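Trainee: I have a model open and would like to talk it through with you. Could we start with what counts as a core?

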Amino acid sequence: MSSLAISPYKQLNTLSTYHYLDLMGVGSVLGLPEGDQDVRASHQSSEKYVRTRNQFDEGATFAKLASLVSKGATIRTTQLSEEFTYEDYLQLHGNRLTLLFAIRPDKQVVPLGRTDAKPSVGWEMISLIQPEPNPEGLAQSSSS
């Protein structure tokens with residue numbers, strides 16, 4: 001079982017992360033980067049807390065994801081197969097794609113962003129996908 005701490009409230013994210021780290025342990029709790037890390041000694045976080053935040057791309061902050069959703073992006077799950085590979089998936093969605101997680105066939109959740117994971121047949125991709133622009137340059141929904 002895994003938990004993801006995500007809200008617009010940094011203090012709530014911090015408190016819930018520490019709470020669930022105590023309950024579930026390191027490696028089971030993930031959080032999004034906050035985007036504006038303060039480097040003063042008084043604001044330094046514990047190493048186990050920092051590890052919950054460094055599994056995702058630095059740009060995958062709550063603010064960025066919320067902005068994409070407000071512009072029509074949706075979270076989608078796609079299972080990879082021999083006919084539809086990870087490379088096909090990346091090519092299909094291009095720069096409209098924000099990778100979040102993959103679920104391996106053994107049900108292990110793998111955050112995508114700062115990992116060398118190579119998703120393959122049987123993996124489920126969970127991503128935020130922006131709508132395709134139409135010819136007039138306006139975003140529109142697509143189904144894939």
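Mentor: A nonpolar core is a set of buried Ala, Val, Leu, Ile, Met, Phe, Trp, Tyr and Cys residues joined through side-chain atoms within 4.5 Å, and please keep in mind that we are looking at a predicted model.

Trainee: Which residues are in the largest nonpolar core here?

Mentor: The largest one has ten residues, namely Leu80, Tyr86, Tyr89, Leu97, Ala102, Val110, Leu112, Trp123, Met125 and Ile129. At least two residues of this core come from each of helix H4 (86-93), strand E4 and strand E6 (124-129). Another core, of nine residues, lies apart from it, and Leu30, Leu68, Ala73 and Leu100 are among its members.

Trainee: What does Ile129 touch, leaving out residues up to four places away in sequence?

Mentor: With those left out, Ile129 touches Gly72, Ala73, Thr74, Arg76, Tyr89, His93, Arg96 and Leu97. Of these, Tyr89 and Leu97 are listed with Ile129 in the ten-residue core, whereas Ala73 is one of the residues in the other core.

Trainee: Changing topic, where is Arg104?

Mentor: Arg104 sits in the loop that runs between strand E4 (97-103) and strand E5 (109-111).

Trainee: And is Arg104 buried, exposed or partly exposed?

Mentor: Arg104 is partly exposed, because its relative accessible area is 30%, which falls between the 20% under which a residue is buried and the 50% over which a residue is exposed.

Trainee: Which side chain does the Arg104 side chain join in a polar contact?

Mentor: The partner is the side chain of Asp106, at 2.8 Å. Not counting residues up to four places away in sequence, Arg104 also touches Val110 and Trp123, and both of those belong to the largest core. As for Met125, which is 21 residues apart from Arg104 along the chain, the two C-alpha atoms are separated by 8.9 Å.

Trainee: What about the chain overall: how many helices and strands does the protein chain have?

Mentor: There are four helices and eight strands in the protein chain, and in sequence order the pattern reads β-α-β-α-α-β-α-β-β-β-β-β. Of the 144 residues in the chain, 33% are buried.

Methods. Residues numbered from 1 in each chain as written. Predicted model: local features only at pLDDT ≥ 70, side-chain atom pairs only at ≥ 80, totals over all residues. Heavy atoms only, no water. Buried < 20%, exposed > 50% of the residue type's maximum accessible area, 1.4 Å probe, protein only. Contact = heavy atoms within 4.5 Å. Polar contact = N/O pair within 3.5 Å; in protein donor to acceptor, adjacent residues only side chain to side chain.
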